[in-house]
Amino acid sequence: MNWIYDLILVALFLSMIWKGWRHGMLSALLRMLGWAVALVLIATWGASWSQTVYDNYVEAPVVSAVESAIPADAITAMNNGAEALDDVQEVLDNLGGLLGGQVVSDSDLETITSLLRTDGTTLAQAIVQAILEPVLLVVIQILLSILILIVSLLLFGLLARLTSSRRRGGGILNRTNRLLGGALGALEALIVGYIYAYVLSLLASFLSVSWLSPAILNSTIFVSLYL
């Protein structure tokens, strides 16, 4: 299975070199600038924007969903202490989908019980804060990063098309332009390869599935070089 991830990386690498050679140096520079702008935005404001999206649009409906999944006797059971872990786990299992199946650790349980009051809303907020919020922030940051990449690459891609040398004639200047474009395409491919490996590693740690795991990624020939 690991060879598939290497094959995709090699295909990306070759396609970037081909595109750089085909369109020329200036076009390749603009595409690289698009990657650079996107990465700077993600690295500089990605985390804060993700937190803003979570606070304004995600937290309230998630808390509401958790509160509706809390059994009527859960607060009493948690106050008794002995069955608290089972009751919190039952709440998470009742959610299903992306939010379901999260595991309650002892530290999470201590956080929840320390914040516990006598109403379901506070219990729901404690469960979300201790267990679900870190997972949701990772998901939001991945989706937001993809959106930033798409917008940046589209904008600079339009500029790159305007400067493409694909339809120009021969000559030493145009051949040099294409060679330099291919070299810049290789550099662009290294950046794309890093992003590709980073996304794979995030998904491997988040999904925990047999076909995509840290062990599989570490056994690859090329992807493992980025990890």
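How many of the 227 residues of the protein count as buried? The share is 40%, where buried means under 20% relative accessible area, exposed means over 50%, and partly exposed is in between, with a 1.4 Å probe and protein chains only.

Before I go on, a word on the model. It is predicted, so local features need pLDDT of at least 70 and side-chain atom pairs count only at pLDDT 80 or more, while totals for chains, interfaces and linings use all residues. Residues are numbered from 1 along each chain as its sequence is written, and side-chain values use heavy atoms, with hydrogens and water left out.

Now the overall layout. The protein has eight helices and zero strands. Helices here are DSSP runs of H or I with at least four residues, strands are runs of E with at least two, and both are numbered from the N terminus. Contact means heavy atoms within 4.5 Å. Among contacts between residues at least 6 apart in sequence, 74% join residues at least 24 apart.

Let us start with helix α1, residues 2-23. This helix has 22 residues and reaches 32 Å from its first C-alpha to its last, close to the 32 Å expected at 1.5 Å a residue; the expected span is 1.5 Å times one less than the number of residues. Which residues of α1 are buried? They are Tyr 5, Asp 6, Leu 9, Met 16, Gly 20 and His 23. Seen down the axis of α1, these fall within an arc of 150°, so they line one face of the helix. The arc is that of the directions from the helix axis to the C-beta atoms. On the face turned away from that buried side sit the exposed residues Trp 3, Leu 7 and Leu 14. Just after α1, Gly 24 takes a positive phi of about 100°.

Next, the packing of α1 against α2. Their axes come within 8 Å and cross at roughly 135°. Axes are lines fitted to C-alpha atoms, for helices over the stretch in contact, and angles run from 0 to 180 degrees between N-to-C directions. The two helices are therefore oblique to each other; under 35 degrees counts as roughly parallel, over 145 as roughly antiparallel, 65 to 115 as roughly perpendicular, and the rest as oblique. Met 16, Lys 19, Gly 20 and His 23 in α1 meet Ser 27, Ala 28, Arg 31 and Trp 35 in α2.

Is Arg 31 buried or exposed? Arg 31 is buried, with a relative accessible area of 10%. Leaving aside residues up to four places away in sequence, Arg 31 touches residues including Leu 153, Ala 160 and Glu 188.

The C-alpha atoms of Arg 178 and Arg 22 are separated by 6.3 Å, although the two are 156 residues apart along the chain.

Last, the aromatic rings. A search of the whole structure finds three aromatic pairs. Rings of Phe, Tyr and Trp (its six-membered ring) pair if their centres lie within 6.5 Å; planes under 30 degrees apart count as stacked, over 60 as edge-to-face and the rest as tilted. Trp 45 and Trp 49 have ring centres 6.0 Å apart and planes at 15°, so this pair is stacked. Both lie in helix α2, four residues apart, about one turn of the helix. Trp 45 is partly exposed at 41% relative accessibility, and Trp 49 is partly exposed at 35%.
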